[in-house]
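Here is a short tour of one model, meant to be read with the structure open beside it.

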Amino acid sequence: LDAISRSGTLPIDCAELHVVIAVSHCFENDVMGTVIQDNINPIEKVEKSSLIIGSTIYGESCETLLADSAHSDRLTAAFPSLFITAV
């Protein structure tokens, strides 16, 4: 952007900035080993990470980000520390 605008001397009237955030999850075993041997649900780990990132970016609580109450109840039971409201 600096090169295109000649270090800010050329104004850019219409522009959009897109930010992409990538996340990776590592487990000791493959997917089947994680589910069967370690008894860990990898989908819940991804959901937890997504809620943490979403609440940080949007500045909203995890409860606000969830549209469906069924998912809210399930995730509140799985990760109660994410849904503690500040007093």
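How many disulfides does a search of the whole structure find? The search finds 0, where a disulfide is a pair of cysteine sulfur atoms within 2.5 Å. In general, a disulfide is a covalent bond between the sulfur atoms of two cysteines.

Before going further, a word on the ground rules. This is a predicted model, in which local features need pLDDT of at least 70 and side-chain atom pairs count only at pLDDT 80 or more, while totals for chains, interfaces and linings use all residues. Residues are numbered from 1 along each chain as its sequence is written, and side-chain values use heavy atoms, with hydrogens and water left out.

Let us turn to burial. Buried means under 20% relative accessible area, exposed means over 50%, and partly exposed lies in between (1.4 Å probe, protein chains only). The table gathers some residues by this scale.

| Residue | Relative accessible area | Class |
|---|---|---|
| C62 | 6% | buried |
| F79 | 10% | buried |
| E47 | 22% | partly exposed |
| R74 | 34% | partly exposed |
| V31 | 59% | exposed |
| N39 | 67% | exposed |
| C14 | 76% | exposed |

Which residues make up the largest nonpolar core? They are L51, C62, L66, L75, F79, L82 and F83, 7 residues in all. A nonpolar core here is a set of buried Ala, Val, Leu, Ile, Met, Phe, Trp, Tyr and Cys residues joined through side-chain atoms within 4.5 Å. C62 is in contact (heavy atoms within 4.5 Å) with L51, S55, L82 and F83, leaving aside its neighbours within four places in sequence. F79, another core member, sits in the segment after α4 (69-78); helices are DSSP runs of H or I with at least four residues, numbered from the N terminus. Not counting residues up to four places away in sequence, F79 touches E44 and K48. F79 and K48 are 31 residues apart in sequence, yet their C-alpha atoms are 7.5 Å apart in space.

Now for the charged side chains. The structure holds 1 salt bridge, meaning a side-chain nitrogen of Lys or Arg within 4 Å of a carboxyl oxygen of Asp or Glu. The partners are R74 and E47, whose side chains meet at 3.0 Å, N to O. R74 belongs to helix α4 and E47 to helix α2 (residues 42-58), so the pair ties together parts that are 27 residues apart in sequence. Beyond its neighbours within four places in sequence, E47 is in contact with R74 and L75.

On the surface, L17, V19, I21, V23, I57, Y58 and L65 form a nonpolar patch with about 770 Å² of accessible area together. Such a patch is made of residues with over 30% relative accessible area and no salt bridge, and its nonpolar side chains (Val, Leu, Ile, Met, Phe, Trp, Tyr) are joined within 5 Å. The areas come from the Shrake-Rupley method with a 1.4 Å probe.

Two more stops remain. N39 lies in the loop between α1 (31-36) and α2, and has a positive phi of about 55° although it is not a glycine. V31 lies in helix α1; V31 and S61 are 30 residues apart in sequence and 30 Å apart in space, C-alpha to C-alpha.

How values were computed
Helices (H or I, at least four residues) and strands (E, at least two) are DSSP runs, numbered from the N terminus. Patches are made of residues with over 30% relative accessible area and no salt bridge: like charges are joined within 9 Å, nonpolar side chains (Val, Leu, Ile, Met, Phe, Trp, Tyr) within 5 Å.
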